[in-house]
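Me: I have a structure here that I would like to walk through with you. Could we take it piece by piece?

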Amino acid sequence: SRGYYNAARKAVLEMQPDEVIDMVKASGLRGRGGAGAPTGMKWGFMPKEPTEARPNYLICNADESEPGTYNNHELMLKDPHQLIEGMIIAAYALRVKKMFIYIRGEMVLTAKVLADAIGEAYAKGFLGENIFGSKFSTDLILHRGAGAYICGEETALMDSLEGLRGHPRSKPPFPAVQGLYGMPTTINNVETLCNLPHLVNNGVEWYRSMGTEKSPGTKIVSVSGHVNRPANVEITMGTPCEELVYDICKGIRNGNDLKAVIPGGSSMPMLPKDLFLKANYDFESLQAAGSMLGSGGMIVFDDTTDIPQVCEVIARFYRNESCGKCVPCRIGTDFLHKIIVRITHGQGRPEDIDLLRAMCVNLAGERMMDSRSFCALGDAAAWPIIWGGLKYFEDEFRYWIEHKKSPVGREVGLPAVV
């Protein structure tokens with residue numbers, strides 16, 4: 001009654017698969033899960049003529065695990081049919097007969113909501129054999145993970161989906177060549193797929209009328225931390241960051257001053273107030289400022305925040321979530337956490353600053369954890385420390401080392417954010 005599935009019906013009955021792919025390419029839609037890769041380009045690597053022996057697969061990555069990010073969760077919980085319709089459109093374009101939603105295990109209620117919605121779609125003939133009365137058939141399987149951050153990485157996700165331990169694979173081969181069960185596979189984020197019904201219904205020109213030239217469309221930003229109005233907010237790409245903090249999210253709590261912001265989830269480098277407020281919220285602007293848009297999980301810190309303690313919490317998370325497959329990540333995440341704990345418990349040494357840097361990028365400028373791991377988890381652990389905390393707030397680490405106490409008066413061992 002609200003017009004849902006009209007876009008899927010239009011794509012399946014009125015368009016050729018390559019027309020849908022060309023529309024997505026022309027729209028400039030970029031992946032909303034982290035790296036921001038062009039979706040149409042990603043789709044273009046899939047085989048045009050799959051066979052019964054070598055089928056194409058589509059996976060929706062709904063294993064939203066990045067700290068500070070909860071936009072996918074709300075999309076699935078409040079609007080599951082939007083996602084299902086987007087997946088039907090993608091499956092038609094990619095010639096996929098079997099698709100999967102891999103959802104994070106802790107999302108128990110959301111998984112039930114999705115399962116009910118999938119059942120409703122089957123009952124209406126929107127999934128299954130000859131959908132909308134066409135010759136196109138596709139099935140959708142909902143698979144719950146077991147709650148591992150590493151399974152948000154696309155190759156570890158596929159191993160988990162196959163019933164294996166969630167470990168990342170070496171690339172190449174890339175999923176479009178050898179993915180799930182060794183077959184060509186495309187993995188898209190929830191929010192990315194939710195863009196598709198609106199694009200098909202309204203066209204490329206409408207879609208590109210929002211956002212910027214290189215970052216078109218809208219983005220749902222999960223704003224948490226020390227703002228008066230923490231929320232999921234949908235903004236046009238390119239919205240000034242100052243407007244996002246002070247107008248949309250109603251400013252900083254208790255009348256405090258803004259100190260720093262992590263723009264795109266805990267794996268992205270934090271930016272100090274001045275750099276962040278000068279930027280716009282889109283892929284290019286945040287990258288130029290020294291961070292990334294990432295998953296859209298924006299964490300705001302006021303001037304009562306102890307940045308070394310924030311880094312300790314982040315380092316602890318990545319130490320706990322490392323799958324242990326490769327040495328740089330397995331050893332590096334543990335070592336990073338131990339050094340920061342030593343500093344934030346009043347036992348730091350002057351040489352610990354250089355030691356932290358050397359763990360991420362050694363003194364000769366060679367990559368250590370950063371870009372040396374099997375997957376991006378090693379990068380995710382290193383970036384917030386080397387390109388965020390130490391780059392802009394080294395003085396706070398040195399204060400801890402010299403004075404054996406917090407530069408903002410926090411007690412030893414307390415969590416960084418209350």
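This is a predicted model: local features need pLDDT of at least 70, side-chain atom pairs count only at pLDDT 80 or more; totals for chains, interfaces and linings use all residues.

Me: Is Ser-27 buried or exposed?

Reply: Ser-27 belongs to helix H2, residues 17-27 (helices are DSSP runs of H or I of at least four residues and strands are runs of E of at least two, numbered from the N terminus). Its contacts, meaning heavy atoms within 4.5 Å, include Leu-199, Val-204 and Tyr-207, leaving aside residues up to four places away in sequence. Relative accessible area sets the label: under 20% is buried, over 50% exposed, and in between partly exposed, with a 1.4 Å probe and protein chains only. At a relative accessible area of 0%, Ser-27 is buried.

Me: Which residues does Gly-28 touch, not counting those up to four places away in sequence?

Reply: Gly-28 sits in the loop between H2 and H3. With a relative accessible area of 18%, Gly-28 is buried. Beyond residues up to four places away in sequence, Gly-28 touches Arg-208 and Pro-216.

Me: How many residues apart in sequence are the parts that Glu-284 and Arg-30 tie together?

Reply: The side chains of these two meet in a salt bridge at 2.5 Å, N to O (a side-chain nitrogen of Lys or Arg within 4 Å of a carboxyl oxygen of Asp or Glu). Glu-284 is in helix H13 (residues 283-289) and Arg-30 in the loop between H2 and helix H3 (39-44), so the parts they tie together are apart in sequence by 254 residues.

Me: Which helix holds both Arg-316 and Glu-312?

Reply: Their side chains form a salt bridge at 3.1 Å, N to O. Arg-316 is partly exposed at 33%, whereas Glu-312 is buried at 10%. The two are four residues apart, about one turn, in helix H14.

Me: What is the relative accessibility of Lys-78?

Reply: Lys-78 makes a salt bridge with Glu-74 at 3.4 Å, N to O. The pair is four residues apart in helix H4 (residues 71-78), separated by about one helical turn. Glu-74 is partly exposed at 32%, while Lys-78 counts as exposed, with a relative accessibility of 58%.

Me: Which element gives the largest share of the lining of the largest pocket?

Reply: A pocket here is an open set of points on a 1 Å grid over the protein atoms alone, where a 1.4 Å probe fits, with protein on both sides within 12 Å along at least five of seven lines; lining residues have an atom within 4 Å of a point. The largest one is lined by 48 residues, and among those nearest its centre are Gly-33 and Glu-154. H3, H4, strand S4 (185-189) and helix H17 (377-403) each give two or more residues to this lining. The largest share, five residues, comes from S4.

Key. Residues are numbered from 1 along each chain as its sequence is written. Side-chain values use heavy atoms; hydrogens and water are left out.
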